[in-house]
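Biologist: I have a model open and would like to go through it by question and answer. Can you take me through its main features?

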Amino acid sequence: MKSAADLQTVVEMTRSIPCAPAILPKLLKLAEGSSSDLGEMEMLINLDTGLATDVLRTANSAYFASNQRCENISDAILRLGSKVLYRIAASTLTGRWLVHPVRGYGWEPGDLCRHSLCVAICAETFAKKMQIADSATAYTAGLIHDLGKFALAYANFTALDEIATRVPDEFPTWREAEKAILGFESTEVTKALLENWGFPSTFVSVGYYYQIPSESPEEERKIVTLIHAAKHVATQLGYGVGVDGFYYEPDEAALKEVGFKDAEMDAAIPEILATIQRYISPTGEIRFT
Amino acid sequence: MEPNGACPASDSEKGSRGHLVAGIPKEIPLPSSSRSFKLNWSMASSLNPVAEQMQTMVVGVADFKISTEPSTYIMTHSLGSCLGITFHDDKRRIGGLLHAMLPASPQVQDQKIREAMFLDTGIPKLLSALIRSGAKKHDIRCKVFGGAQLMTADSFFRIGSKNIDMFYRLSQELELDVIAWEVSGRVNRSIRLNNLTGDVIVKIPSKPEFIR
């Protein structure tokens with residue numbers, strides 16, 4: 001059995017992954033702030049060449065373009081608005097991290113990114129329809145909800161293979177197997193990573209409690225349950241779902257408490273799929289912008 | 001070995017066709033990987049130049065594709081709880097694949113829908129397209145995949161079982177000759193129809209590919 005010290009090892013190892021989405025909390029704060037923060041936002045975006053390129057490309061895309069081309073980030077921010085810009089940044093930064101090749105969970109390259117993007121889109125859609133959370137926050141929470149699994153896979157834990165062979169015969173759920181075999185759950189890794197990067201407590205709660213929202217703090221239960229629901233709907237859609245995907249229990253009590261209804265979630269699927277297919281091609285290629 | 005490098009279905013599998021169809025009504029079949037013929041596809045294809053020359057068409061979610069070209073694979077990724085349904089006329093080498101997500105189209109007048117998204121509209125549409133392309137209904141064999149189910153939930157997330165129920169109903173109504181069911185369970189399947197043989201290669205995360 002792995003000791004609890006291994007949790008810290010996993011977190012330490014992921015510090016070396018390039019492109020960690022550590023500037024996201026700063027961008028989120030700026031996106032929620034006043035227009036006086038735009039200068040700081042510009043500075044932050046300019047620090048990352050890839051992100052700056054994506055922002056300019058989107059601002060000059062057919063969807064947003066006007067007669068005048070955006071030649072710099074400052075113009076792009078004004079054209080796109082801070083909310084759209086934040087969405088681009090969240091997708092670009094997180095996506096870049098999540099497509100890093102890893103083993104474990106039976107993932108093909110990019111699978112966790114595809115799945116996380118689907119969770120994000122489901123969460124955003126439900127947030128708008130049910131008005132239980134800010135849609136941009138829900139989108140980001142969906143993107144980052146399973147970072148701990150990515151970190152475990154990056155750390156190349158051979159114990160992941162052991163979990164796969166012992167679920168479901170010895171352990172009915174993936175979560176129980178993680179706890180017994182690793183000595184900790186992937187959600188604890190997510191929590192540690194998000195705390196280290198300075199994410200607001202809402203995101204830390206989502207990462208830690210999304211599998212069992214009934215146990216989350218009451219003030220954050222709605223968004224945690226939202227991600228729980230989004231996760232399960234995205235799993236049914238299949239994009240990027242690994243060997244663990246169908247071995248998590250729905251928390252019916254929390255879903256009912258927050259007001260989710262099965263028929264309404266199913267009815268939203270055509271709209272969710274239309275959005276997903278704007279970003280993921282039939283061959284699985286991801287296009288964030 | 002077949003010309004494309006894929007192994008033919010085992011005798012026991014061929015002999016069980018009638019049983020598989022007849023066995024469905026009372027009980028949804030369990031994942032049949034244990035009774036499936038296992039094959040390492042990459043090894044098989046590397047041994048046979050014909051397999052390497054096959055072209056691949058990819059079907060997205062809520063879409064279908066057909067092919068009249070024998071040296072073609074028609075594939076779709078990550079079915080999850082959706083159903084992937086293959087039709088194949090092996091006399092004329094005409095095949096099709098539908099990736100449907102939901103059981104029934106909404107009954108709202110004048111609402112534009114994507115027919116391939118729903119089983120009740122997608123299956124008839126694919127069948128007509130095949131027949132228009134020259135396939136004969138009585139020579140078309142059908143195989144069905146996917147419909148994975150989440151852990152026990154009485155009130156939520158039952159798309160997999162709803163899809164399987166609806167497919168069973170439609171298969172009776174449309175008198176489909178269903179010769180393989182690889183449905184239910186807690187696995188995410190990707191499938192690839194070999195239009196030369198009608199074989200379907202199934203991929204599940206962390207498992208070797210196998211043929212149905």
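This is a predicted model: local features need pLDDT of at least 70, side-chain atom pairs count only at pLDDT 80 or more; totals for chains, interfaces and linings use all residues.

Biologist: Which element gives the most to the side of chain A that touches chain B?
Modeller: In the contact count, 29 residues of chain A meet 31 residues of chain B. The elements of chain A that give two or more residues to this side are α13 (221-237), α14 (252-258) and α15 (262-279). With six residues, the one that gives the most is α15(A).

Biologist: How many residues on the side of chain A that touches chain B are charged?
Modeller: That side has 14 nonpolar residues and eleven polar ones. The number of charged residues there is four.

Biologist: How far apart are the end C-alpha atoms of α15(A), given the span its 18 residues should have?
Modeller: At 1.5 Å a residue, the 18 residues of α15(A) should span 26 Å. The computed distance agrees with that expectation. Between the end C-alpha atoms of α15(A) it is 25 Å.

Biologist: Where does α15(A) bend?
Modeller: The bend in α15(A) is about 35 degrees. A proline, P270(A), follows within four residues of the bend. The residue at the bend is I269(A).

Biologist: Which residues does a cis peptide bond join in chain A?
Modeller: Most peptide bonds are trans. At the cis bond, omega is about 5 degrees. P168(A) is found in the loop between α9 (159-166) and α10 (174-182) of chain A. The cis bond joins V167(A) and P168(A).

Biologist: Q131(A) has a positive phi; is Q131(A) buried or exposed?
Modeller: Phi of Q131(A) is about 50 degrees, although the residue is not a glycine. Q131(A) sits in the loop between α6 (111-130) and α7 (135-144) of chain A. Because 9 other C-beta atoms lie within 10 Å, Q131(A) is exposed.

Biologist: And S184(B), buried or exposed?
Modeller: S184(B) is also not a glycine, and its phi is positive, near 70 degrees. S184(B) lies in the loop between β8 (177-183) and β9 (190-194) of chain B. With 20 other C-beta atoms within 10 Å, S184(B) is buried.

Biologist: What percentage of the residues of chain B count as buried?
Modeller: Chain B has six helices and eleven strands. Of its 212 residues, the buried share is 45%.

Technical notes
Residues are numbered from 1 along each chain as its sequence is written. Chains are lettered from A and ligands numbered from 1 in the order in which they are written. Two residues are in contact if their C-beta atoms, placed from the backbone, lie within 7 Å. Ala, Val, Leu, Ile, Met, Phe, Trp, Tyr, Cys and Pro count as nonpolar, Asp, Glu, Lys and Arg as charged, and the others, Gly among them, as polar. A residue is buried if 20 or more other C-beta atoms lie within 10 Å of its own, exposed if 12 or fewer, and partly exposed in between; C-beta atoms are placed from the backbone. The expected span of a helix is 1.5 Å times one less than its number of residues. The bend at a residue is the angle between axes fitted to the seven residues ending there and the seven starting there.
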